[in-house]
Amino acid sequence: MTAGMFAITEAGAYPWSWWVLGPISVGMLGIYQLLPRPEGTSVRTGGFLAVFGLAGLMALVLGGVLLSVETVLFCLFSGVAVCGAALLVTLANPARAALAFTVVVLGVAGLFLLLAAPFLMGANIIVYAGAIVVTFLFVLMLAQQHLPNDADSRSREPFLACLAGGSALLLILLALGEDAGKLESYQEVREGRALEATRSPVAPVRRAAESDLRLDMSGVPALPADNTAFLGANLYGRHLIAVELAGVLLVVATLGAIAVAQRSGTGEAL
Amino acid sequence: MNSPDLPHYLACAAVLFVLGLVGFLARRNLILMFLSVELMVQGVALNFVAFARFRGNLDGQSFVLFMLTVAACEAALALALILALYRTQASLDVSLWQNLREDDLDATEDDEPLPGMMPEAPLPSLPVAGIAPARPEESNRV
C-alpha cells in the first residue's frame, strides 16, 4: 500500500478519495441486509458485505501508513469498535445490542489509550460499560418483550436510513481527504501550540509542564505523560465553573429522573 | 507516516457516528434508538480526544469529561422517560407514538406479518344450534 486517501504526496493530488465510495456502498448494503425485518435477514450475505466494506475502507484509509505497533493496535481497536457498532445497529435482541455497545466502548477506550488519554479510557469504561449499559439492561429487563415483536423485528425505512448514512460518511471522508490534502493547514495542526497544554493557573504544574515540552518521534506535540494530574489541573483551573455546573446538572438530572419515573398517583410520596 | 495520523482517527470516529445515525433512523425500539445516540456520542468523543492529541492541548480531553457527565444525565432522564412511555403502551415500539407526527405525514402501517405470528383465520360464524335464525318475512306464503 503506497497511497491511501490521507497519504501526503508531493503532487498534492489525491486521486484515491473517490474510491472510498466503493467500500462505503458495499458496507452500507451489508448493513441494509442485516437490519431486522419481518421476512428474515440474510445474515451470511449481509455479514460478508459488511466485513468486505469495512476491510476495503480500512485498506483505503490506512494506505500509506507504515506497519508499526501503533498501526496494528489502531486497526485492532478501531476494527473492534466498528464491528461492535455494526452489531449494535443490526442485532434484533436489544439485550445483545446493549452488550455490543460495551464492545464499542472497549474499542473506543483502546483508541483513547493510543491517543494519550489513559484517564479518559478508564472513565469511559467505568461510566459507559459500568454504569450506563447496566442501567440499560435493567430497563430492558423491566420492559422485556418476547421476540418477534414490532419494536425489534421491524425496521423503519432501512434503505433510506442506509442511504442517508452512506452519503453522510462519503461526504465526511471526502472532506477529510480534501483537508488532509492541504499540506499547509495540516502542518499547522501538527505543529500545534504545545504550550496550550501547559496553560494552567497552578504555578507548580506550569513549571513542571514547561520542562515537559517536546515533540514525539512523528513531530506531534507530546502531551504531558502525567495525564491525570494535568487533566485535573486543566479541569479545576480553566474550567472550574463548568465543573460546578456539571455537578448541578447531575443533581437536577437525578431529581428529574426520579420525578419522571414515578408512577402516577403516588406523587405525594416524594 | 509510520503511525496513524489525525485523519485516520477522524475517519474511524466518522464511521462510528454514521453507524449510530443509521441505527437511530432505522431501528424502532426506543432503547436501541437511545443506544445509537450514545454510539454517536462515542464517535464525537473520539474526535475530541484525537484533536487534543494532535494539537497538544488538553482542553479536548476536558470537554470529553463534560460529555461523559452529560451522557450520564441523559441516560438517567431518557430511561426514566422510556419507562414512563412503556407503562402507558406496554411496548417499546416508537411507532406507537406516531400520532405525534406532523399533519401531512402518512402513518406507518405494518403490512407484513411477523414470522410465527400469522394472523388467525376468521372463525366461521354459525347460528346457535336449536334456535331458528331470524329470517326476513316472505311476502308470498306457499
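Visitor: Across the interface of chain B and chain A, how many residue pairs are found in polar contact?

Guide: The structure is a predicted model, and the pairs counted across this interface have pLDDT 80 or more at each of the two residues. Under that rule, the number of residue pairs in polar contact between chain B and chain A is 15.

Visitor: Which elements of chain B give two or more residues to the side that touches chain A?

Guide: The elements that meet this condition are helices of chain B. They are helix 1 (6-26), helix 2 (30-55) and helix 3 (59-89).

Visitor: Which helix supplies the largest share of the side of chain B that touches chain A?

Guide: The largest share of that side amounts to 22 residues. These residues come from one element of chain B, namely helix 3.

Visitor: How much area do chain B and chain A bury between them?

Guide: The size of an interface is often given as the accessible area lost when the parts come together. Here the contact takes 79 residues from chain B and 111 residues from chain A. Carbon and sulfur atoms account for 72% of the buried area. The area that the two chains bury between them is about 8400 Å².

Visitor: Which residue forms a salt bridge with D59(B)?

Guide: The count of salt bridges between chain B and chain A is two. In the one formed by D59(B), the closest N and O atoms are 2.8 Å apart. The partner of D59(B) in this salt bridge is R238(A).

Visitor: With the side chain of which residue does the side chain of N234(A) make a polar contact?

Guide: N234(A) belongs to helix 10 of chain A, residues 227-238. Beyond four places in sequence, N234(A) touches H239(A), L58(B), D59(B) and S62(B). One of these contacts is polar and runs from side chain to side chain at 3.1 Å, the partner being D59(B).

Visitor: Does N234(A) count as buried or exposed?

Guide: The relative accessibility of N234(A) is 5%. Since the cut-off for a buried residue is under 20%, N234(A) therefore counts as buried.

Visitor: What is the pattern of chain A, read along the sequence?

Guide: The secondary structure of chain A comes to 11 helices and zero strands. Read along the sequence, chain A therefore has a pattern made of α elements, written as α-α-α-α-α-α-α-α-α-α-α.

Visitor: What percentage of the residues in chain A is buried?

Guide: Chain A has 270 residues and exposes about 14000 Å², with carbon and sulfur atoms supplying 69% of that area. The buried share of its residues is 42%.

Visitor: Which residues have the most contacts inside the largest nonpolar core?

Guide: In soluble globular proteins, nonpolar side chains tend to be buried together. In this model the largest nonpolar core has 96 residues. Among its members, L16(B) is in contact with residues of chain A including A81(A), V82(A) and V104(A), and with residues of chain B including L39(B) and L46(B). The residues with the most contacts inside the core are L173(A), L16(B) and L19(B).

Visitor: What is the relative accessibility of V22(B)?

Guide: V22(B) is placed in helix 1 of chain B. Beyond four places in sequence, V22(B) touches M28(A), I31(A), V89(A), A161(A), C162(A), G165(A) and R27(B). V22(B) counts as buried because its relative accessibility is 0%.

Visitor: How far apart are the C-alpha atoms of T71(A) and L114(A)?

Guide: T71(A) lies in helix 3 of chain A, residues 69-90, and counts as buried at 4% relative accessibility. Its contacts beyond four places in sequence include V65(A) and L66(A), together with N2(B), S3(B) and P4(B). Along the chain, T71(A) and L114(A) are 43 residues apart, whereas the separation of their C-alpha atoms is 9.9 Å.

Visitor: Where does A116(A) lie?

Guide: Most residues other than glycine have a negative phi. The phi of A116(A), by contrast, is positive, near 60°. A116(A) is partly exposed, with a relative accessible area of 27%. Its place is the loop between helix 4 (94-114) and helix 5 (118-142) of chain A.

Visitor: Is A90(B) buried or exposed?

Guide: A90(B) has a positive phi of about 55° although it is not a glycine, and A90(B) lies in the segment after helix 3 of chain B. Because its relative accessible area is 53%, A90(B) is classed as exposed.

Methods:
Residues numbered from 1 in each chain as written. Chains lettered and ligands numbered in written order. Predicted model: local features only at pLDDT ≥ 70, side-chain atom pairs only at ≥ 80, totals over all residues. Heavy atoms only, no water. Helix = DSSP H or I, 4+ residues; strand = E, 2+ residues; numbered from the N terminus. Buried < 20%, exposed > 50% of the residue type's maximum accessible area, 1.4 Å probe, protein only. Areas by Shrake-Rupley, 256 points an atom, 1.4 Å probe, with all protein chains shown as cover. Polar contact = N/O pair within 3.5 Å; in protein donor to acceptor, adjacent residues only side chain to side chain. Contact = heavy atoms within 4.5 Å. Core = buried A, V, L, I, M, F, W, Y, C linked by side-chain atoms within 4.5 Å. Buried area = accessible area lost by both parts, 1.4 Å probe. Salt bridge = Lys/Arg side-chain N within 4 Å of Asp/Glu carboxyl O.
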